[in-house]
Amino acid sequence: MALNLRFPLPAQFIAVITSRFGWRWIFGKWGFHTGQDHACPKGTPYIIPYKGIVVGKRWGPLAGNILEVAHPTCGNVISACYHLRDYLVKLGDKVSEGQVGAHTGNTGLLTTGPHAHLGLKINGRWVDPHLVYGLHS
Ligand SMILES: [Zn+2]
């Protein structure tokens, strides 16, 4: 599938990858990391990567404040960010590419410092966002 999603943080954080997608040892056990982490200060804009609709705006004990945006014109694609500080959109909002949807933070238990956990779900499965956000130059 050809997806053309923009990187959802300011460009200076593209290279600041603190944890990749996949199995990792964290907090004394193995866990599957469903996204890619980029360290960034609290309050960094989370930029909507493609036009869509806000389908998730909720709290998870591990993920903290979660934002999920569906991109129906791309197929069954949902972009997500965890550990947010606050939101600038509401559930059900139609959003545009480039719009600031939230601010990053350090909420939830599964974090060791301020960062954005970027997730991408295609057809119900988490995929490696590294492959989609064009992070490999
Ligand atoms: Zn993460």
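Phenylalanine 27 counts as exposed because 8 C-beta neighbours lie inside 10 Å, and the cut-off for an exposed residue is 12 or fewer. This is a predicted model. Phenylalanine 27 sits in the loop between β2 (22-26) and β3 (29-33). Its phi is near 50 degrees, a positive value in a residue other than glycine. Most residues other than glycine have a negative phi.

Asparagine 123 is located in the loop between β11 and β12 (125-127). With 10 other C-beta atoms within 10 Å, asparagine 123 is exposed.

Read from the N terminus, the order of elements is β-β-β-β-β-β-β-β-β-β-β-β-α. The C-alpha trace spans about 40 × 30 × 30 Å along its principal axes. For 137 residues, a compact globule would have a radius of gyration near 14 Å, and the chain agrees because its own value is 14 Å. Of the contacts in the chain with a separation of 6 or more, 60% are between residues 24 or more positions apart.

Buried residues make up 31% of the 137 residues. In soluble globular proteins, nonpolar side chains tend to be buried together. Here the largest nonpolar core has 19 residues, and the members that touch the most others are Tyr46, Leu67, Val69, Ala80, Cys81 and Ala116. Strands β7 (64-70), β8 (77-87) and β11 (115-122) each supply at least two residues of this core. The largest share, six residues, comes from β8.

Val69 shows how one of these core members is surrounded. Leaving aside neighbours within four places in sequence, valine 69 is in contact with Ile48, Gly52, Ile53, Val54, Val55, Ile78, Ser79, Val95 and Gly101.

The C-alpha atoms of valine 54 and lysine 94 are separated by 6.6 Å, although the two residues are 40 residues apart along the chain. Lysine 94 lies in strand β9 (residues 94-95). Is lysine 94 buried or exposed? Lysine 94 counts as exposed because 11 C-beta neighbours lie inside 10 Å.

Key: Residues numbered from 1 in each chain as written. Predicted model: local features only at pLDDT ≥ 70, side-chain atom pairs only at ≥ 80, totals over all residues. Core = buried A, V, L, I, M, F, W, Y, C linked by C-beta atoms within 7 Å. Buried ≥ 20, exposed ≤ 12 C-beta atoms within 10 Å, placed from the backbone. Helix = DSSP H or I, 4+ residues; strand = E, 2+ residues; numbered from the N terminus. Contact = placed C-beta atoms within 7 Å. Rg over C-alpha atoms; globule rule 2.2 N^0.38 Å.
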